[in-house]
Amino acid sequence: MVGKVEAAFCFLRLQRFLLKGDNGVSKDILNVAIVGTGYWGKNLVRNFAKARRCSLKYVCDQNEKLLAVQKETFPFIATSTNLEEVLRDSEIDAVAIATDATTHFEMAKNSIMAGKHTYVEKPLTLKASEAKALIDLAKRKRIKLMVGHLLEYHPAVTYIKDLIENGEIGKPLYMYTQRLNLGIVRQDENTWWSLAPHDISVICYLFGSEPVSVTARGQCYLQTDIEDVVFATIDFADGKFASIHCSWLDPHKIRKMTIVGSKKMVTFDDMEPTEKIRMYDKTAEINHEANTFAEFISLRFGNILIPEVKSEEPLAKECAHFIDCILDDKPVLSDGNDGLRVVQILEAGQKSLKNNSIPVNLGGFECLNRRKRDILSMNQRTSIKTVKSAAGQKSGIFHT
Ligand SMILES: NC(=O)c1ccc[n+]([C@@H]2O[C@H](COP(=O)([O-])OP(=O)(O)OC[C@H]3O[C@@H](n4cnc5c(N)ncnc54)[C@H](O)[C@@H]3O)[C@@H](O)[C@H]2O)c1
């Protein structure tokens, strides 16, 4: 009799194993747990609860009051104050972490070690070395690691990425972003770590080039040693350039980015309810055959296009992407390497902030400002020629 029961269990285990994919997940439905149901985590709960091909099984938070709120809304979920208990549950395929950034590394490490596909809110970790360790661990355990770089899933950002890929705006030259508001003031991180990850991830995604150095300037007004406002710039290996202004001490609520291309210019204003993107058919063109400065640069002022962009909640798209990547074994857009790059830029920016805004390269060494160095060497290589405008007056200089 005992032999028969054991054989039946063996058969069930084998059947379960055979029904699972390479990545250890049953083919149809992903069982998900969420840890952290605070300001942001509750949005993850809402989206995973309604996502296709997903069963939200567990919600975990140290705060029992928050758990009770979730249980009231979603009576079918199990709750726990202890992540270890969740990780021991063999039914759970994937864990989404939305706790404060200081806890991300340990939690993600334990989740991956327990064989769970792991989603971590931004920033992936507080140190690049920790992000690298998570990437290696996930690779070894054949686990999908995803970072919550929300804006990469924003339909407007996807639209702009397509514009760039299709050559519509020409070569992207530079871009700048503004992420400003009064609040939310944090005490465990500065405005750079709290707000800039979104901008950094979008800048890297849209440019698709290698960032080489970061310069950041900020000020602490409300708390000691925690910057409320930061102005930062990122230089890229191919000459592209980006600037980020983030602040939680500002009278305006602004979520805006401007991308200047060699043919057209685009803005994305996330505070606009519907007309989020504007494409300006404006540019400045250089005529190398010109005899006068007036002819040398011609400005074009064309039409402004406001395209219709599909209205979809970026977080719903992000959650669906995590689920699909696991169930269909597809590559993750905002994967561990994406998370690492953002953390490297955050770390370099932090170093610059604390060292009189000195440019910091992404190898971790302070460097000479690349643009200044380039200009210096260009001046050595070229002669500078003054030209006369049509009116015969000295109007400018250009390099030959
Ligand atoms: N993608 C976005 O747009 C966005 C927006 C806001 C915040 N975030 C990110 O989400 C994360 C959480 O931010 P928040 O504003 O929701 O913070 P929060 O403080 O409101 O919530 C964090 C929650 O985690 C819980 N928690 C902490 N340690 C825990 C532990 N060991 N076990 C169980 N629960 C624990 C806390 O009790 C709290 O409820 C951060 O990484 C933040 O950067 C992302």
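**Reading the sheets and the helix packing**

Modeller: This is a predicted model.

Biologist: How many bridges join β5 to β6?

Modeller: In general, the strands of a sheet pair through backbone hydrogen bonds, either parallel or antiparallel. Here β5 (residues 117-121) runs parallel to β6, and four bridges join the two. Within β6, Gly148 is the bridge partner of Glu121.

Biologist: What is the strand order of the sheet of nine strands?

Modeller: That open sheet has the order β14-β13-β12-β11-β7-β10-β9-β8-β15, with mixed pairing. At its edges stand β14 (297-305) and β15 (360-361), each with a single partner strand, so one side of each lacks a neighbour in the sheet. Strands β8 (residues 211-219) and β9 (residues 229-236) run antiparallel and are joined by eight bridges; Thr215 has Thr233 in β9 as its bridge partner.

Biologist: Which strands of this sheet does helix α7 touch?

Modeller: Helix α7 (residues 155-165) packs on the sheet and touches β7 (172-182), β11 (249-261), β12 (265-269) and β13 (277-286). The direction of α7 makes about 170° with that of β12. Helix α11 (residues 336-354) also packs on the sheet, where it touches β8, β9 and β15, and its direction makes about 45° with that of β8.

Biologist: At what angle do α8 and α11 pack?

Modeller: Two packed helices are described by the angle between their axes and the distance between the axes. For α8 (residues 191-207) and α11, the angle is about 125° and the axes are 9 Å apart. That makes α8 oblique to α11, and the crossing is right-handed. Among the residues that meet are Trp192, Trp193 and Ile200 in α8, and Val342, Ile345 and Leu346 in α11. By class, this contact has 10 nonpolar, three polar and two charged residues.

Biologist: Is Glu275 buried or exposed?

Modeller: Glu275 lies in the loop between β12 and β13. Glu275 has 11 other C-beta atoms within 10 Å, and because 12 or fewer counts as exposed, Glu275 is exposed. The C-alpha atoms of Glu275 and Pro307 are separated by 7.5 Å, although the two are 32 residues apart along the chain.

How values were computed
Residues are numbered from 1 along each chain as its sequence is written. This is a predicted model: local features need pLDDT of at least 70, side-chain atom pairs count only at pLDDT 80 or more; totals for chains, interfaces and linings use all residues. Two strands pair if DSSP finds at least two bridges between them. Two residues are in contact if their C-beta atoms, placed from the backbone, lie within 7 Å. Axes are lines fitted to C-alpha atoms, for helices over the stretch in contact, and angles run from 0 to 180 degrees between N-to-C directions. A residue is buried if 20 or more other C-beta atoms lie within 10 Å of its own, exposed if 12 or fewer, and partly exposed in between; C-beta atoms are placed from the backbone. Angles under 35 degrees count as roughly parallel, over 145 as roughly antiparallel, 65 to 115 as roughly perpendicular and the rest as oblique. A crossing is left-handed if the near helix is turned anticlockwise from the far one by less than a right angle, and right-handed if clockwise. Ala, Val, Leu, Ile, Met, Phe, Trp, Tyr, Cys and Pro count as nonpolar, Asp, Glu, Lys and Arg as charged, and the others, Gly among them, as polar.
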